[in-house]
Amino acid sequence: MRHTIAVLVENKPGVLARVASLFRRRGFNIESLTVGTTEREDLSRMTIVVEGDEKVVEQVTKQLNKLIETIKVSEISEGSVERELCLIRVHAPPEKRGEIVELTNIFRARIVDVSRDSFIIEVTGDEDKVNAFIDLMRQYGIKELARTGKVAMVRGNKK
Amino acid sequence: MRAADALVKALEMEGVEVVFGIPGGAIIEVYDAIYDSGIEHITTRHEQGATHAADGYARASGRVGVAFATSGPGATNTVTGITTAYMDSSPIVVFTGQVPTSMIGNDAFQEADITGITMPVTKHNYLITDPKDMLKTVKEAFHIASTGRPGPVLIDLPKDVTVADIEFEYPKKVSLPGYKPKMEGHPKQIKRAAELIMEAERPMILAGGGVIISNASKELVELAETIPAFVATTLMGKGSIPENHPLCLGFIGMHGSKYANYAVSESDLIIAVGCRFSDRTTGNLAKFAPDAKIVHIDIDPAEIGKNVRVDVPIVGDAKKVLAKLKKYVQYKQRKMWEDKVSEWRRKYPLKYNPDGFKPQYVIERACEIMPDAIVTTEVGQNQMWAAQFFKVKYPRQFITSGGLGTMGFGFPAAIGAQVAFPEKTVIDIAGDGSFFMNIQELATCVKYEIPVKVLVLNNGYLGMVRQWQELFYRERYSATCIGCEKTGFEAIARGFGAIGMTIESPSDVDDALREAKEIDAPVVIDFRVDYQANVFPMVPPGAALNEIIDEE
Ligand SMILES: Cc1ncc(C[n+]2csc(CCOP(=O)(O)OP(=O)(O)O)c2C)c(N)n1
Ligand SMILES: [Mg+2]
């Protein structure tokens, strides 16, 4: 099982190393990790996707909480807002360009760079959407690909 | 004020009376500052010795131990001591010198990335890059080291930071938004635990090192007497209840007594306090106490559910939780269980074959002759025999490297304990192999008149490994004969300026121990014990606690 964990940490040098060191030492497997600033300049937010059963996630959460610079750890349940951004450089010979543009539009993705024989396409969305788009692009030949890893947020109260 | 002076003043404000360490170029400013302070500095002969001494000081006294080392090799020499303290949750603060900030990262002379190296083995660590952070950092370090689940904290001090000029304003409070140890224990869970206790027919308390760390012995004994429940300890929990208390069954685990291991295995409720269910304590986890519900009280939430399934988790300080728990339980007689445990106790006492010159005998005699001594141990057979045969009376009396199992810990730890309690008798129960790992600290004892007594159980072997080879490796004694019968520990002691004795027969043991006890100077006694002696009973690796075996 994959789990998404959001970690609010103090924005200080070395915090990322501490988190990485903890994962390595305890033998937890990181699928993806993103770090960025938050609404408060003294805090950063990490979104970590880990592979493991409930017990692993419980340990990850507890161990992360033990780090002095960790303010809050929360598991992001399914149904939350999850987004990832991906840049794809795809082979785009003149005869295929129409098709690629069409697919890009269907996915609400964007072509952000055009050169003689390739496009760079930016796609955002949840993981499934990004995966689906990447799959579609494979037939044209993906030359380069960069994913950001996921950021996530729990939905607000609907009532 | 020079930051180095501010640092020393901050240490004074934290109540630090003694520092163990070795100077060097990168930390020379701090040494210059401590020169005319009220803090005593004890120069050890190796930085490992300094960190173990600080650790021993902390474990014996409950106060934070402090060690200094210079950059590079000085800093890396502290790593074993720091890790030892980390594994046993001992509060020490280690200050290391570092190359100037402008040179960090350039592989300067004696540069080592000690904060990187110690990240996984410290509770927290700091590299100070701005001198203005000095005092705040010291304040935080002492707070973090000594509260919650204690542990080592390291502060790396670049040389330019220590010479900078700063205002001396020592913060009164720390501001650590992410650090708030839970102390009280959840009331609902405490009540739930009390219900389970009242329902239980075969309740057991398992007391770990956390009971000693939180000074909760009184509360532990009161709870045990109220229920009443037998108390088994872990190795680290030894001393949490006086070992002559009728409810105390001693320690469980690989070399615990049969009766304690049986009692835990057959209990229907284990109230575990401040322990982490290490593999040496539980034996085969899948077969650990199969009928027992488990209440786990610990200040570290991450320990709860880490190794064993827990029915009632209680996150909190042992002292507070035990006191509250006691209020909800009443006395209930459990005659059958008491009789059963008493029967085991009668049938399976700890014993050894007394023929020849047995190491166990030396320990039994030491316990008789110096019953109040603070006992440190090395690691190996000596450690297990000490745990089995030195019955301790009070918490912090027994100091051992349980988690890391560090050979060479006991002697410098004894130095630290002796510095904390100059009036007490402090003995290190040592193996010949382990003693060599920090034997240089004899010079420290002599120089500072620290009258530690080292009882070397000299069997000429890395005995514990030899025992495994005998039992599990078809007596192929690969690399374990260290031939210390050829080493004259007596002469070595004398060479250092300490007192040495050699004892070759059990009939001389008492006199030697009595004499040593009276001598106000460091003493090394070389006991030439039988090398064939093994530690029994034993839970073989992979076996359950109740599959414990005796010597044939
Ligand atoms: C620093 C370190 N190195 C190696 C070991 C592995 N080890 C565990 S017990 C032991 C033998 C200890 O020999 P000695 O001190 O003579 O004690 P004995 O078992 O003979 O009483 C060894 C080598 C260890 N625990 N620590
Ligand atoms: Mg030996």
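Modeller: Let us begin with a proline, Pro537(B), whose place is in the segment after strand S18 (523-528) of chain B; please keep in mind throughout that this is a predicted model.

Colleague: Where does Pro228(B) lie, and what is the omega of the bond from Ile227(B) to Pro228(B)?

Modeller: Pro228(B) belongs to the loop between helix H11 (217-226) and strand S8 (230-233) of chain B. The peptide bond that joins Ile227(B) to Pro228(B) is cis, with omega near -15°.

Colleague: Which loop holds Ser89(B), and what is the phi of Ser89(B)?

Modeller: Ser89(B) sits in the loop that runs between helix H5 (79-87) and strand S4 (92-98) of chain B. Although Ser89(B) is not a glycine, its phi is positive, at about 55°.

Colleague: Are helices H12(B) and H15(B) roughly parallel or roughly antiparallel to each other?

Modeller: The axes of H12 (residues 258-266) and H15 (residues 335-347) of chain B come within 9 Å and cross at roughly 150°. Angles over 145 degrees count as roughly antiparallel, and the two helices are therefore roughly antiparallel.

Colleague: Which residues make that contact between H12(B) and H15(B), and how many of them are charged?

Modeller: From H12(B) come Tyr259(B), Tyr262(B), Ala263(B) and Glu266(B), while H15(B) supplies Trp337(B), Lys340(B), Val341(B), Trp344(B) and Arg345(B). Sorted by class, the contact of H12(B) with H15(B) has six nonpolar residues and no polar ones, and the number of charged residues is three.

Colleague: How do H16(B) and H23(B) lie relative to each other?

Modeller: The axes of H16 (residues 359-369) and H23 (residues 509-518) of chain B come within 10 Å and cross at roughly 45°, and H16(B) passes H23(B) in a right-handed crossing. With that angle, the two helices are therefore oblique to each other.

Colleague: What is the area buried between chain B and chain A?

Modeller: In this pairing, 18 residues of chain B are in contact with 20 residues of chain A. Carbon and sulfur atoms give 53% of the area buried between the two chains, which is about 1,500 Å².

Colleague: Which side chains meet in the salt bridge between chain B and chain A?

Modeller: Side chains of opposite charge can pair when their charged atoms come close. The count between chain B and chain A is one salt bridge, and at 2.5 Å, N to O, its partners are Lys66(A) and Asp300(B).

Colleague: How far apart along helix H7 of chain B are Lys136(B) and Glu140(B)?

Modeller: The side chains of Lys136(B) and Glu140(B) meet in a salt bridge (3.8 Å, N to O). Because these residues are four apart in helix H7 (residues 134-146), the separation of Lys136(B) and Glu140(B) is about one helical turn.

Key: Residues are numbered from 1 along each chain as its sequence is written. Chains are lettered from A and ligands numbered from 1 in the order in which they are written. This is a predicted model: local features need pLDDT of at least 70, side-chain atom pairs count only at pLDDT 80 or more; totals for chains, interfaces and linings use all residues. Side-chain values use heavy atoms; hydrogens and water are left out. Axes are lines fitted to C-alpha atoms, for helices over the stretch in contact, and angles run from 0 to 180 degrees between N-to-C directions. Angles under 35 degrees count as roughly parallel, over 145 as roughly antiparallel, 65 to 115 as roughly perpendicular and the rest as oblique. A crossing is left-handed if the near helix is turned anticlockwise from the far one by less than a right angle, and right-handed if clockwise. Contact means heavy atoms within 4.5 Å. Buried area is the accessible area (1.4 Å probe) that two parts lose on being put together, summed over both. A salt bridge is a side-chain nitrogen of Lys or Arg within 4 Å of a carboxyl oxygen of Asp or Glu. Ala, Val, Leu, Ile, Met, Phe, Trp, Tyr, Cys and Pro count as nonpolar, Asp, Glu, Lys and Arg as charged, and the others, Gly among them, as polar.
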